[in-house]
Protein chains: 4
Amino acid sequence: MLEELKKQVYGANMLLPKYGLVTFTWGNVSGIDREKQLFVIKPSGVEYDKLTADDMVIMDMEGNKVEGKYNPSSDTATHLELYKAFPKVGGIVHTHSSWATSWAQAGRGIPCYGTTHADYMYGEIPCVRCLTKEEIEGAYEKNTGLLIADYFMDKDYEAVPAVLCKNHGPFSWGKDANEAVHNAVVLEEVAKMAARCERINSEVAPAPAELQDKHYYRKHGANAYYGQK
Amino acid sequence: MLEELKKQVYGANMLLPKYGLVTFTWGNVSGIDREKQLFVIKPSGVEYDKLTADDMVIMDMEGNKVEGKYNPSSDTATHLELYKAFPKVGGIVHTHSSWATSWAQAGRGIPCYGTTHADYMYGEIPCVRCLTKEEIEGAYEKNTGLLIADYFMDKDYEAVPAVLCKNHGPFSWGKDANEAVHNAVVLEEVAKMAARCERINSEVAPAPAELQDKHYYRKHGANAYYGQK
Amino acid sequence: MLEELKKQVYGANMLLPKYGLVTFTWGNVSGIDREKQLFVIKPSGVEYDKLTADDMVIMDMEGNKVEGKYNPSSDTATHLELYKAFPKVGGIVHTHSSWATSWAQAGRGIPCYGTTHADYMYGEIPCVRCLTKEEIEGAYEKNTGLLIADYFMDKDYEAVPAVLCKNHGPFSWGKDANEAVHNAVVLEEVAKMAARCERINSEVAPAPAELQDKHYYRKHGANAYYGQK
Amino acid sequence: MLEELKKQVYGANMLLPKYGLVTFTWGNVSGIDREKQLFVIKPSGVEYDKLTADDMVIMDMEGNKVEGKYNPSSDTATHLELYKAFPKVGGIVHTHSSWATSWAQAGRGIPCYGTTHADYMYGEIPCVRCLTKEEIEGAYEKNTGLLIADYFMDKDYEAVPAVLCKNHGPFSWGKDANEAVHNAVVLEEVAKMAARCERINSEVAPAPAELQDKHYYRKHGANAYYGQK
């Protein structure tokens, strides 16, 4: 069942250690089949070098396990809420990657200081607030998803495919699991350069809007001319 | 004698270079057999790429060598005091890992800024004071262990399985040698992100208590639901 | 056509991942045949581990593609302007390497703090201004090249073979594609050490002029005595 | 001639890229035969992955080349002066390793903040002044050696086997070429942790003298008890 998607999600999970985004099991990737209304996610706490495509867990949109010998990632309820809120998203990633997590712990969004950021993310990468005591003690992972969804309700989640959760870490997404991982790598690189940039010039201001526009639309939308499309 | 434990402790020692926690021979792992009241520890100053399981040294709880062709780690007396003070600990690690040692040199405990920390360590990772002149000039390594034991006398050493020694470096522990190394890796990662986080936001405050509780108890205790347990 | 140059430019492009200067496809190298008035450049957005020498694109000095199955790098017009302005340059590199880009985002040139810098670059590595709204919305990549060319009009582009573009990233050049990459590596290393140096001493001043002279002329010009020349 | 020493010095040179202390050819190791009054040094500007033991250059104590097809390192005259001034030194290393060079560029000695430093270097690792205009324009490399020798005239060069040259980079030494490289690795690690430590606590003070004594003499001198000696 969903063999292709399980392979793809497995492969995308294995990119996390390849790109240095995870220590131990601190990350998970999922991918969704919108027609079947099922998504595939990494099992909870299984080490990457022991993981196989068959270990992937299939979940339905009510959060029930449909197939899989393992428990799904403990962050599954967050993924589920994001899939519900972001209908064009096909893959989601959560990591504790070092630089993005440092910004999340600092409780700050990442300003757009240059074209590396603007090529992929349109404007500041937001940091949503910490959950309240009630939200934490209730359905914590689900509430994390609801908070992110709420933040993006009046924003373009395709133009800003990543978010930081205060005191926690980043989530990113994309049209499929691979693009979601791609955006997680971009996020980490952008987080690193933004932190260093502020050390080099403590008065630094975000890049001008017209430069952000230029680079974003060089890669996205009808007039994109980057790459071989 | 203690062949299994020697293999396990050897394997745990070899994880230190694998995870980038040691330069040269600047680290050591031990593991204890509580029934036999013997512990196994790395020999002093032997290079990791020449180390074998047979090189491990067996010590008794009076600090006498019971077996082994080499001298035990120069930090053996510290390990011994920790085993005496922490009856549920099965493995201990000492390293000079770069970020944790930078905090130790700075003389500061590591505040809990986020869930990566809270998942493993409950609250601030403490930094104990530098030893006094008398303690240093006396039984230095033993006094290091006594100081740590004294600090934890009224605290939960299982909930905070690591400590920084001012002007020196970290010790960590766990139910066995492998878990102690696991905690050393976590400590290094947490130390790195906390330092960066403070640069990104110099006004940053620790994560709310309820979030620390949530994440710690997601992985520990009767209601844990992380992983496959 | 231009088989040798294509191989050389391909090889120089492959040095970018080798030296850790690129993430994904965020970089490009070109090389020019001055006699034939043609230059060879990496195709746009093609992944490094799939790249071959045959994928290189040949361009003429009017910016027309002469040979190649792919679109040339989206930065081709910048390369072209630099080749026109810098007649002794044989190769050009653009990357988003992490430290150099952090300086570019910070909008600061890199002061010469020591001999590592002085051995290769004579004086501060400049950071040119961000393009104006008109320049960005017009022929953006060409205008980037014109701005750099304009900055160096009354300066020695051979003595300072690199530049930072504000809010964007670095370009470097050399007598051929390999030397241009060599200078990109030097730039990244120098950018890293200058940033750290300012953290270690916030009052640091550039190295004395006579030391900069000594090291630069130890490696360059008629009286050079470094190496085997 | 001196085949054993050439092999040893070659091997020690190859440790520089292994330990990440050099970019390109920015480093050199030498070793001396005190009886024959000859020393062996890396050739100038030859890439590490093309280097062989046979490429090593033999020099006499007047700075004449005795054997070798290549020019010796451009820093040979500095090595020579250090061998003359430090009679118990058997090997010398110069690198532009990133953290040590950042301190050198910052013009600051590295305070002893902890036991990692104290285990190998007794007290602050000094940073000697920049050479004067006259010294630079004269016999620059020789004057670098004389300045270091002059600084250590009334100090113990065996207890502090490393120095930073302002605006330039580090030199280290030891009883042979391998120990000199060992000390270069220690220096880099200590430089990194001291810089980070000052960021974590801007009020940090050096480790107490008694702790520095304890650790230094745990590894050195008649009462040393670290390792298997």
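User: What makes strand 1 and strand 2 of chain C count as paired?

Analyst: In this predicted model, strand 1 (residues 27-33) and strand 2 (residues 38-41) of chain C run antiparallel to one another and are joined by four bridges, and because two strands pair if DSSP finds at least two bridges between them, they count as a pair. Strands here are DSSP runs of E with at least two residues, and helices are runs of H or I with at least four, both numbered from the N terminus.

User: How do you know which strands are the edge strands of the sheet in chain C?

Analyst: The open sheet of chain C holds eight strands in the order 4-3-2-1-5-8-7-6, with mixed pairing. Strand 4 (65-67) and strand 6 (127-128) of chain C each pair on one side only, and these are the edge strands.

User: Which strands does helix 6 of chain C lie across?

Analyst: Helix 6 of chain C lies across strand 6, strand 7 (162-165) and strand 8 (169-174) of chain C, and runs at about 125° to strand 7 of chain C, where angles, from 0 to 180 degrees, are taken between the N-to-C directions of lines fitted to C-alpha atoms, for helices over the stretch in contact. Helix 7 (residues 177-200) of chain C also packs on the sheet, where it touches strand 1, strand 5 (91-95), strand 7 and strand 8 of chain C, at about 140° to the direction of strand 8 of chain C.

User: What span does helix 6 of chain C reach, and what is expected?

Analyst: Helix 6 (residues 140-152) of chain C has 13 residues, and from first C-alpha to last it reaches 19 Å, close to the expected 18 Å; the expected span is 1.5 Å times one less than the number of residues. Its buried residues include Tyr140(C), Leu147(C), Ile148(C) and Phe152(C).

User: Why is the contact of Glu81(B) with Lys142(B) called a salt bridge?

Analyst: The term requires a side-chain nitrogen of Lys or Arg within 4 Å of a carboxyl oxygen of Asp or Glu, and the side chains of Glu81(B) and Lys142(B) meet at 3.8 Å, N to O, so the pair qualifies. Glu81(B) lies in helix 2 (residues 76-85) of chain B and Lys142(B) in helix 6 (residues 140-152) of chain B, so the pair ties together parts that are 61 residues apart in sequence.

User: Where do Lys133(C) and Glu137(C) lie?

Analyst: Both lie in helix 5 (residues 133-137) of chain C, four residues apart, about one turn of the helix.

User: How many residues of chain B are in contact with chain A?

Analyst: With contact meaning heavy atoms within 4.5 Å, 34 residues of chain B touch 34 residues of chain A. The interface of chain B and chain A holds two salt bridges.

Notes: Residues numbered from 1 in each chain as written. Chains lettered and ligands numbered in written order. Predicted model: local features only at pLDDT ≥ 70, side-chain atom pairs only at ≥ 80, totals over all residues. Heavy atoms only, no water. Buried < 20%, exposed > 50% of the residue type's maximum accessible area, 1.4 Å probe, protein only.
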